[in-house]
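Subject: Structure handover and notes

Hello,

Please find the structure below, followed by notes on what was found in it.

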Amino acid sequence: MTKVLLTRPLPDRVRQAAQERFEVTERSSVLPMTQAEMIAALQEYDAVLPTLGDCFDAEVFAACPKIRCRILANFGVGFNHIDVAAATAAGLAVTNTPGAVTDATADTAITLMLMSARRASEGERLVRAGQWAGWHPTQLLGMHLGGKTVGIAGMGRIGQAIARRCHFGFGMKVAYFSRSPKELDFAAERFGSLPDLAGAVDVLMLAVPGGADTQHLVDADVLAAMRPSAYLVNIARGNVIDEAALIAALRTGQIAGAGLDVYEFEPKVPQALMELENVVLLPHIGTAALEVREEMGLMSIENLRAFFAGDPLPNPV
Ligand code: NAP
């Protein structure tokens, strides 16, 4: 029977679906695999269902004298932790879970936009500290979102879902920066460069993939281009922002605030960020809803089923 490794505990429905078809081993740790575990897994299993943090880089493939594994069915749409070229050269297929994550991640982006622009974390800290003296007209004034402009870097599935929410839900104007123009059923202005977009918006949202191409896409120059009243939201990957430059921009008031779901050296969150009032910090919960994690898992299992049945892969990367 085909041997499959699930590299984290997964929702019951997903585990059961996997067990109906395959001989399944589920790793009990919630932490990413070590390099030694990944090297062993490639030699012991026919398929691995890896996820965020399982860093299948070229070194891991090179360290395996004989690879048994034929497919990495990633749990998640982002696959920047897998060196796809090295996996392909080693004869493995790689798949991901697009679509299943789109709405939930867009919702998280909106959560961060609201929490930062309306200073929700600051307000909650005030209440929890027992220091709230009562309502007054100038307390915790934030930025009203209606009529403002959102700028989206990376107008793909999630970027468009964020844009729809901003346009139809909040009456915001939409602008974007993407490699290719998009056909949209609502008005949206495309900018030719990220600094130009950054300078023209009230909220800048990041929804590009992680990886070498987008490393520090938001650097000191992009932050300098932003308005002092603007907010930055990142649900993409931590490496997309130069975190040191962001800390400097938040400290000096170069931008009004930020909302982050992901971090450059995740799960390390710099002390400097934790000490700042004008940043909202979430622990990478973009897709953290049971239904969504079930759909992601079932999509990964379907990729495995198709692969071993010799059918076309639903979600190759
Ligand atoms: P997608 O549909 O592939 O969209 C990515 C968009 O980014 C595309 O529009 C692409 O442009 C654009 N892009 C790629 N490289 C670029 C670059 N160098 N400069 C400018 N634009 C660039 O992917 P998705 O499903 O929306 O997911 C996006 C990312 O979100 C994932 O890769 C993942 O890292 C992250 N994510 C995070 C969470 C979380 O929990 N926080 C959850 C899910 C996903 P083109 O259209 O021109 O190709």
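In which loop is the place of Pro-267? Pro-267 sits in the loop between β11 (257–260) and α11 (271–274). Helices and strands here are DSSP runs numbered from the N terminus (helices H or I, at least four residues; strands E, at least two). The peptide bond that leads from Glu-266 to Pro-267 is cis, with omega near 5°.

Two points on provenance. The model is predicted, so local features need pLDDT of at least 70 and side-chain atom pairs count only at pLDDT 80 or more, while totals for chains, interfaces and linings use all residues. Residues are numbered from 1 along each chain as its sequence is written, and side-chain values use heavy atoms, with hydrogens and water left out.

Backbone

Most residues other than glycine have a negative phi, and most peptide bonds are trans. Arg-119 is not a glycine, yet has a positive phi of about 55°. Arg-119 is located in the loop between α5 and α6 and is partly exposed at 26% relative accessibility. For burial, the classes are buried (under 20% relative accessible area), exposed (over 50%) and partly exposed (in between), with a 1.4 Å probe and protein chains only.

His-216, also not a glycine, has a positive phi of about 50°. His-216 belongs to the loop between β9 (203–206) and α9 (220–225) and is partly exposed, with a relative accessible area of 25%. Thr-214 is in the loop between β9 and α9 as well, but Thr-214 is buried, at 10%. Apart from neighbours within four places in sequence, Thr-214 is in contact (heavy atoms within 4.5 Å) with Val-208, Pro-209, Asn-239 and Val-240.

The 16 residues of α5 should span 22 Å at 1.5 Å a residue, and the end C-alpha atoms of α5 are 22 Å apart, which agrees. The expected span is 1.5 Å times one less than the number of residues in the helix. Buried residues in α5 include Thr-102, Ala-106, Ile-110, Met-113 and Ala-117. Their cover includes α7, β9, β10 (231–234), β11, β12 (279–281) and α12.

Helix α12 (residues 290–309) has 20 residues, which should span 28 Å; its end C-alpha atoms are 28 Å apart, in agreement. Among the buried residues of α12 are Val-292, Met-296, Met-299, Asn-303 and Phe-307. The buried residues of α12 pack against β1 (3–6), α1 (12–21), β3 (47–49), β4 (71–73), β5 (93–95) and α5 (102–117). Just after α12, Gly-310 takes a positive phi of about 80°.

Aromatic pairs

Rings of Phe, Tyr and Trp (its six-membered ring) pair if their centres lie within 6.5 Å; planes under 30 degrees apart count as stacked, over 60 as edge-to-face and the rest as tilted. The count by this rule is four aromatic pairs. One of them is Phe-168 with Phe-186, edge-to-face at 5.8 Å centre to centre with 80° between the planes. Phe-168 lies in helix α7 (residues 157–170) and Phe-186 in the loop between β7 (173–177) and β8 (189–190), so the pair ties together parts that are 18 residues apart in sequence. Phe-168 is exposed, at 52% relative accessible area, whereas Phe-186 is buried, at 9%.

Phe-307 and Phe-308 also form an edge-to-face pair, 5.0 Å centre to centre and 85° between the planes. Phe-308 is partly exposed, with a relative accessible area of 27%. Phe-22, Phe-307 and Phe-308 form one aromatic cluster.

Leu-140 is in the loop between α6 and β6 (149–153) and is partly exposed at 30% relative accessibility. Leu-140 and Ala-120 are 20 residues apart in sequence and 8.9 Å apart in space, C-alpha to C-alpha. Leaving aside neighbours within four places in sequence, Leu-140 is in contact with Arg-119, Glu-122, Gly-123 and Leu-126.

Val-127, Trp-132 and Trp-135 make a nonpolar surface patch of about 420 Å². Patches are made of residues with over 30% relative accessible area and no salt bridge; like charges are joined within 9 Å, nonpolar side chains (Val, Leu, Ile, Met, Phe, Trp, Tyr) within 5 Å. A salt bridge is a side-chain nitrogen of Lys or Arg within 4 Å of a carboxyl oxygen of Asp or Glu. Accessible areas come from the Shrake-Rupley method with a 1.4 Å probe, and for residues only the protein chains shown count as cover. Val-127 lies in helix α6 (residues 120–128) and is partly exposed, at 49% relative accessibility.

Regards
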